Amino acid sequence: MSTADKIEQGKMAVIDSITPSELTLHLMEMGFLPGKRISLLQKAPLKDPLAFKLENTVIALRKSEASLINVKLEN
Amino acid sequence: MPEVLTPAPSTQQSTFTVALIGNPNVGKTTIFNRLTGLRQKVGNYPGVTVDKRFAHIKLGQREATILDLPGTYSIYPNSEDEVIVHRVLNGLDKENKPDFVLAVVDMSSMERGLFLVTQIMDLGLPMAVVLNMEDAAEEQGIKVKTHALYQALGVPIIQSNARSNKGIKGISDLIEQKMFEKPSPFLNIQELLPKELSLAIQEKFQLDNTYQAYQLIRFHENEPLLDETQREWLTNQLELSGFDIKKTQLEETQQRYKGIQSILETALQKTDLGRKRLTDKLDSIFLHKIGGYAIFTGILLVIFQAVFAWSAVPMDLIDGFFASLSAAVAKLLPAGVLTDLITEGIIPGIGGVVIFIPQIALLFAFLGILEDTGYMSRVVFLMDRIMRPFGLNGKSVVPLISGIACAIPGIMATRNIGNWKDRLITIMVTPLMSCSARLPVYVILIGIAVPESYIGPFNMQALALLGMYLLGIVAVLFTSWILKLILNFKEKSYLMVEMPLYRLPRWKDVLITMYSKSKTFVFAAGKVILTISVILWVLASYGPSSAREEAIANIEVPANTAPQEVQDDYQSQLASAELESSYIGIMGKFIEPTIKPLGYDWKIGIALITSFAAREVFVSTIATLYSVGTDVEDELTIQQKLESEVNPQTGEKVFNLATAFSLIVFYAFAMQCMSTLAVVYRETKGWKWPIIQTVYMTALAYVSAWAVYQFLS
């Protein structure tokens, strides 16, 4: 088990759960739901924030928010 | 007896309100623009700091009001924008209670769009769904079976591609014929909220259904429409029922998505086209770790060039127009006080606002294009990490860039910042960016203080000017950092930005934005500038009559035969003496002791007072004070005159190096712009923040100017 901020660029992962916090609901409303596949599309030049591809949308999150998303890394 | 929370206004048969609602970037604004054209009005939502855009349109025999709501992912608010949506849809905002809802969904992102749609369904409002951005969906191999979707949702569905105008006719027909339908609830809310609790709330507040009751109890702590006893009652009920509302909300979210997924299994057809999207390829260029910043810098340079160089021509024309208008009116009307007020107060006052229109319109056009092409969210992505240590975020970059032209559009642009602390800090520091009104002041004073010599290939005066712009940026970062430490808000800073597909700009929408924003600026700032100009004119034209006569009597009247030069000199001495004995002259003398430590005399004091309304007034005031003659446009003349000005008591130069630098620094930091204050008042909905801003900026200006003067003299 890992978190979304640790996904390597271009690799996929499946969301397992969201760590409970103030932002949990907001993340879920944006579409970060258990079972969804996400990939890391881009890192900002200073390695933070990160742009994730989720279905057909690209959403930028800071590392601190991405670390709330628990994922299973795919090979 | 049941309490009525919000008595709904009786809607007449012929006119009704349709609220447009949807996720950000789904093309909602394009649909709004297509439906309403230039009839748009901007107002404020009562009690919050967000603009509402609405327009009255005529469809056949019917009149409808179209209300554009801020983009949102859910009716549970996460930002101030979203609070609006929550309140409007729950009927808590009686002024904007919609009769119908038109929900716009991005066809290529159906799941998230339907999340919001099903929440609205549960509120029980009559609605219809627009599936927009057909082209983007097609590009990604997505097809929607609208009939299956209609069967699942039970509300009318229209497919459209608003950019190419497709489906707009269908949407306006639907509105005209009021083909909205009241859906049955999507979720079984009774399972979520205990029945007794729900019934009690519904009865007390006369709510239509369980979901509304659930919403009210979820957000009652921050709902301004409730009074203290109502809030206490709700909190009590919540405690009595032992109901865990946060947990329920997570449960609701999961159930909702589950339901949507099962609908989409039948209603959505996906084929993997296996293509790499153009957007992804473009991002590898625009977000490149070196190239990305180089492109961004290039774009900034083009914007600066436009705002300073391209807008100079129309600005000169406007300036000339108002000058000749003043002269023409002066000739036309009989000489007198009223004519003076019109030609010296009102017309220049209006001119002072209108002259900024080219800069503001150009700036908004550029910002509109950057936003519309999808590039702006990339700027946010590039800059977020850099801005964060200072208490700002990626979204603060846009207002700060605008601030180099003028703080007013900059502060208006902070509305994109969802987080209130980040937004407030940005509003508070944007006026420290060196705006274009400071430029004439800098040019004159640098001309006095800095020799026109070279260090290597660099012109010293140009370096000094560049230094002033850098000083502004340093002040912005430093002040933000201090504010970050001081301001104690519970809200946590975060960034969640969707990066939309790159697209060609919709020129018509850019023009509409440019027009409506410029209009807002002219009316918001115009009122203040005009008022202040009239007040200043009165203070500068009148004074206690005894002082006036005395001052004039002391000037030697030249003989009629004296040469023209002497006559001119007499006229300017007269003007100067009159100003000295006017109310504003007396005020200048009054504040002299406080500004003496900065190296200023009472004449500079007058300039400080008059330019409190707007910095650029400094040049014309100084020109009058030092009797430069009538041509205030000639900056060189002013400079020479100032350099030779000698203090009659000490025999020393008034504008020595120390005084000039001290003044430059004062103008760099002081809040001398009434229009900015007016906009800050409007954006923060009160006098608290504009007053704090004026106090801190004036203090910063005073202390820095004092330090500079003491160091140099």
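Predicted model: local features only at pLDDT ≥ 70, side-chain atom pairs only at ≥ 80, totals over all residues.

## A helix and its neighbours

The residues of α9(B) that are buried include B:Q230, B:L234, B:Q237 and B:L238. Viewed down the axis of α9(B), the buried residues fall within an arc of 100°, and therefore they line one face of the helix. An α-helix has 3.6 residues a turn, so residues three or four places apart point the same way. On the other side of α9(B), by contrast, B:T229, B:E239 and B:L240 are exposed.

The length of this helix can be checked as well: at 1.5 Å a residue, the 14 residues of α9(B) should span 20 Å, and the end C-alpha atoms are 20 Å apart, which agrees. Just after α9(B), B:G242 takes a positive phi of about 60°.

B:E221 is exposed, because its relative accessible area of 57% is over the 50% cut-off. Although B:E221 and B:T235 are 14 residues apart in sequence, their C-alpha atoms are 8.2 Å apart in space.

Elsewhere in chain B, helix α25 (residues 583–595) and helix α26 (residues 602–610) pack at an angle of about 110°, with their axes 7 Å apart. That angle makes α25(B) roughly perpendicular to α26(B). The table sets out the residues through which the two helices meet.

| Helix | Residues in contact with the other helix |
|---|---|
| α25(B) | B:I584, B:G585, B:M587, B:G588, B:K589, B:I591, B:E592, B:I595 |
| α26(B) | B:W602, B:G605, B:I606, B:L608, B:I609, B:T610 |

## Nonpolar cores

Which residues of the largest nonpolar core touch the most other members? Of its 97 residues, they are B:F296, B:Y600, B:F618 and B:L663. Helix α29 (residues 657–669) of chain B gives the most to this core, contributing eight residues. Leaving aside residues up to four places away in sequence, B:F296 touches B:Y375, B:V379, B:L382, B:M383, B:V397 and B:I401. A second, separate core has 83 residues, and among them are A:A13 and A:L23 from chain A together with B:L69 and B:L114 from chain B.

Key. Residues numbered from 1 in each chain as written. Chains lettered and ligands numbered in written order. Heavy atoms only, no water. Core = buried A, V, L, I, M, F, W, Y, C linked by side-chain atoms within 4.5 Å. Buried < 20%, exposed > 50% of the residue type's maximum accessible area, 1.4 Å probe, protein only. Helix = DSSP H or I, 4+ residues; strand = E, 2+ residues; numbered from the N terminus. Contact = heavy atoms within 4.5 Å. Expected span 1.5 Å × (residues − 1). Arc of directions from axis to C-beta. Axes fitted to C-alpha atoms, helices over the stretch in contact; angles between N-to-C directions. Parallel < 35°, antiparallel > 145°, perpendicular 65-115°, else oblique.
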